[in-house]
Amino acid sequence: MELLNVFCLPFAGASKYSYQKFAQVAPSKLNIIPYELPGRGARYKEALLTNMENMVDDFLSNMLSRLNAPYVIYGHSMGALLGYMITKKLADNNLKLPKHLFLSGRGGPSVSGNYPHRSSLPKKEFIKNLQELGGSPDKVLEDDGLMEIFEPILRADFKSIESYQYATAGPLEVSITCLIGTEEATTYEEALAWRKETSLSFCIKEFPGKHFFIFDHAKEIVNIIQQFGLEGFTIPVAPLNNK
C-alpha cells in the first residue's frame, strides 16, 4: 500500500498541533506531517521569522530529505502562500515536486485580495481583528498571559505575509486544488487566480463557513487529499455561476 506524506503548512499563529484534527481522521494511507516554524511549539526558543522567503528556506533545510517519498503539500491561508513558494523554489532548482498542491483560505498570489496590514495594529484593534477573523478562542484572546506568548508569533507571521511581493513566473507542473469557505473574505474570483499558477489540472471546492472552515470539515478535506493525491482524480473548476 502506497503511503502518501502530507506536509501541512501553518496559517498565521499556528503550530504543528493546529492540524491534530487532520491527523485524527486521516486514513492509514496518509501520513500527516504538520510543519513547525521557528518561535512556537517545540521550536519556541528559536527566533521568529518575518519574511516568507526565510520560511521557505527553513522548510527546505529541515524537510528536503523527506521529499524523496511521494508527497503532497497542504497549506491554509499563510500556509497556502508558503506552499506555492516552496513548490516554486523546488521547480526552480529541478527538485522533486509534490504530486498535488492543496491550498485553502487564500486567493492566488497574483491578487492582493482582502489581506489587511495587521502586524502593526495597536493591541486592542489587533485583538478585535483576530476575533473577527476567527480561529482564535476568546479565552486565549482575553488572557493577557497567553497573548504575551501568541501575539508576537501572530504579528511576525502577518508581517511575513504583508511583505510578500508577487513575481510573474511560469506555471507550475503541479495540479492545484483550492478550498475556500463560503463566508470568508476570500472570494471565488480570487481563488480562481490560482488557476494560472499551474499548467496541469485545477479545481475549486467550497465549504460552508468562514475563514477557519477547515476545522469543521477536516474529514471531507482529508478525503479530498486522499482522492486527489493518491488516485490523481480531479474535477473541472466550476463556472462562476455554479458554485
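Between which strand and which helix is the loop that holds the place of Ala185?

Reply: Ala185 sits in the loop that links strand S5 (175-181) to helix H7. This is a predicted model, in which local features need pLDDT of at least 70 and side-chain atom pairs count only at pLDDT 80 or more, while totals for chains, interfaces and linings use all residues. Residues are numbered from 1 along each chain as its sequence is written, and side-chain values use heavy atoms, with hydrogens and water left out. Helices (H or I, at least four residues) and strands (E, at least two) are DSSP runs, numbered from the N terminus.

Ala185 is partly exposed, since its relative accessible area is 44%; buried means under 20%, exposed over 50%, and partly exposed in between (1.4 Å probe, protein chains only). His211 is 26 residues from Ala185 in sequence, yet their C-alpha atoms are 7.3 Å apart in space.

Thr198 counts as buried because its relative accessibility is 8%. Its contacts (heavy atoms within 4.5 Å) include Pro171, Leu172, Val174, Ser175 and Ile176, leaving aside residues up to four places away in sequence. Two polar contacts involve its side chain. Such a contact is a pair of N or O atoms within 3.5 Å; within protein, one must be able to donate a hydrogen and the other to accept it, and residues adjacent in sequence count only if both atoms are side-chain atoms. A polar atom of the Thr198 side chain lies 2.6 Å from the backbone oxygen of Val174, and the side chain also reaches the backbone nitrogen of Leu200 at 2.9 Å.

Trp194 touches Ile176 and Cys178, and among its other contacts are Ala80, Tyr84, Leu103 and Phe202. A nonpolar core is a set of buried Ala, Val, Leu, Ile, Met, Phe, Trp, Tyr and Cys residues joined through side-chain atoms within 4.5 Å. In the largest one, which has 47 residues, those with the most contacts inside it are Phe7, Met52, Phe59, Ile86 and Trp194. Helix H3 (residues 78-92) supplies the largest share of this core, 8 residues. Apart from this core lies another, of 25 residues, including Phe11, Ala26, Tyr74 and Ile221.

Ala80, Tyr84 and Ile86 are among the buried ones, and what covers them includes strand S1 (4-9), H2, S3, S4 and H6.

Most residues other than glycine have a negative phi. In the loop between strand S3 (71-76) and H3, Ser77 has a positive phi near 60°. Just after H3, Asn94 takes a positive phi of about 55°. Ser77 is buried because its relative accessible area is 17%, whereas Asn94 is exposed because its value is 70%.

Helix H6 (residues 144-162), one of the elements that cover H3, has 19 residues and reaches 25 Å from its first C-alpha to its last, close to the expected 27 Å. A kink of about 35° lies at Phe150, shortly before the proline Pro152; the bend at a residue is the angle between axes fitted to the seven residues ending there and the seven starting there. At the start of H6, a side-chain oxygen of Asp143 comes within 2.9 Å of the backbone nitrogen of Gly145. Asp144, which is found in H6, counts as exposed because its relative accessibility is 58%.

Asp58 is buried because its relative accessible area is 11%, and the residues it touches include Tyr35, Arg43 and Leu49.

Technical notes. The expected span of a helix is 1.5 Å times one less than its number of residues.
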